[in-house]
Amino acid sequence: MSGWIDISQVLTEKIPVWPGDSPFTYRLTWSKEETGSVNVGQVVMSTHTGTHIDAPFHFDSDGRRVIDLDTDLYIGNARVIHLHRPQAITSRELSGEDLTGVTRLLIRTDAWTERSAFPSSIPAIDPDLAPWLSQKGIRLVGLDLPSVDPLNSKALPAHHALNHHGIHILEGLVLDHVAPGDYELVALPLPLADGDGSPVRAVLKPQKT
Ligand SMILES: N[C@@H](CC(=O)c1ccccc1NC=O)C(=O)O
Ligand SMILES: [Zn+2]
Ligand SMILES: [Zn+2]
C-alpha cells in the first residue's frame with residue numbers, strides 16, 4: 001500500500017459542472033478496430049471541472065496563467081481542518097486553529113457531499129480571511145466546494161482578496177474520508193500555456209510524526 005489518499009473527483013460524463021458550462025466528455029476518436037493498432041481518446045471539458053486550480057487569469061484578465069504558477073505551491077506539506085458545515089468561512093471559524101508554519105490549508109466543510117449534482121448554495125470564504133491567512137504564511141487554500149465565493153457572485157471578492165494576498169486556490173476537493181491533520185499534498189495543474197484554470201489529480205499522504 002502506497003499510503004496516498006485520492007482526494008480528486010472522478011472525471012466521468014456524469015460529473016456536474018458550473019451551470020451552463022461545457023459538460024465533460026470523453027470519446028474515442030479512433031478505436032483499435034478502426035486503426036488496427038490503438039484506441040485514441042479526446043477529452044472536452046471546462047478548466048473548472050471537478051478538482052481544479054484557478055489561475056489569477058480566471059478572474060483578472062491581466063492575471064497570471066496556469067503555466068506561470070509555481071509548481072512548488074501544489075506539492076508539499078498541507079494541513080487539513082474540518083469545519084462541520086459552516087455557514088461561512090471566516091476568521092471566527094478558524095480561530096481555534098494554530099496555523100503556525102502552515103503553507104497549504106485544506107478546509108473540509110462537508111457542505112457539498114452529494115456530488116452527483118451541482119450545489120444550490122455553499123459557504124463562502126470571507127474576503128477578510130485573506131489577509132489573516134496570508135499573515136500566517138498560507139500560500140494555498142483548498143476546499144471541498146466548487147468555489148471560494150457564493151455561487152451567484154459576479155464580483156468574486158474572495159477570489160480577488162486571496163489573489164491580492166498571494167494565496168492560490170484549489171477547489172472541488174473530496175475530503176469526506178480525510179481526518180484533520182498534517183499531510184503531504186500533490187495537486188499539480190497541467191502545463192496549460194494560456195489556462196485560466198486546470199484540473200488536477202490531488203492526493204494526500206499522512207505526514208510521518
Ligand atoms: N469562479 C468559479 C467558476 C465560475 O465562476 C464559472 C465557471 C464556469 C462557468 C462560469 C462561471 N462563472 C460565471 O459567471 C470557480 O472558481 O471555479
Ligand atoms: Zn475554479
Ligand atoms: Zn474559483
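**A first look around**

Let's start with Asp62, which sits in the loop between strand 4 and strand 5. Asp62 counts as exposed because it has 6 C-beta neighbours inside 10 Å, and the cut-off for exposed is 12 or fewer. Asp62 is 116 residues away from Val178 in sequence, and the two are 36 Å apart in space, C-alpha to C-alpha. Keep in mind that this is a predicted model.

- What order do the strands of the open sheet follow? The 9 strands run 1-11-9-5-6-7-8-4-10, and their pairing is mixed.
- At the edges you'll find strand 1 (5–6) and strand 10 (197–199), each of which pairs on one side only.
- As background, strands of a sheet pair through backbone hydrogen bonds, in either a parallel or an antiparallel way.
- One pair to look at is strand 9 (residues 181–186) with strand 11 (residues 203–206): they pair in the antiparallel sense over 4 bridges.
- Within that pair, Leu185 stands opposite Leu204 in strand 11.

**Around ligand 1**

- Which residues are around ligand 1? They are Trp18, Asp21, Ser46, His48, Asp54, His58, Pro146, Ser147, Leu156 and Glu171.
- Sorted by type, this shell has 3 nonpolar, 4 polar and 3 charged residues.
- Trp18 is found in the loop between strand 1 and strand 2 (25–30), and UniProt marks Trp18 as "binding site" in an unreviewed entry.
- Trp18 is partly exposed because 13 other C-beta atoms lie within 10 Å, a count that falls between the limits of 12 or fewer for exposed and 20 or more for buried.
- Leaving aside neighbours within four places in sequence, Trp18 is in contact with Ser46, His48 and Pro146.
- You'll find His58 in the loop between strand 4 (52–54) and strand 5 (75–82).
- Is His58 buried or exposed? His58 is buried, because 21 other C-beta atoms lie within 10 Å and the cut-off is 20 or more.
- Setting aside neighbours within four places in sequence, His58 is in contact with Asp196 and Gly197.

**Positive phi angles**

- Leu156 sits in the loop between strand 7 (140–143) and helix 4 (157–164), and it is buried, with 20 other C-beta atoms within 10 Å.
- His84 also has a positive phi without being a glycine, with a value near 55 degrees.
- His84 belongs to the loop between strand 5 and helix 2 (91–94). With 9 C-beta neighbours inside 10 Å, His84 counts as exposed.

**Helix 4**

- Which residues of helix 4 are buried? They are Ala158, His159, Ala161, Leu162 and Asn163.
- For background, an α-helix has 3.6 residues a turn, so residues three or four places apart point the same way.
- The buried residues of helix 4 pack against strand 4, helix 3 (129–135), strand 7 and strand 8 (168–171).

Key: Residues are numbered from 1 along each chain as its sequence is written. Chains are lettered from A and ligands numbered from 1 in the order in which they are written. This is a predicted model: local features need pLDDT of at least 70, side-chain atom pairs count only at pLDDT 80 or more; totals for chains, interfaces and linings use all residues. Two strands pair if DSSP finds at least two bridges between them. Helices (H or I, at least four residues) and strands (E, at least two) are DSSP runs, numbered from the N terminus. A residue is near a molecule or strand if its C-beta atom, placed from the backbone, lies within 6 Å of it. Ala, Val, Leu, Ile, Met, Phe, Trp, Tyr, Cys and Pro count as nonpolar, Asp, Glu, Lys and Arg as charged, and the others, Gly among them, as polar. UniProt positions are given in the numbering used here, feature names are shortened, and annotations may be inferred rather than shown by experiment. Two residues are in contact if their C-beta atoms, placed from the backbone, lie within 7 Å.
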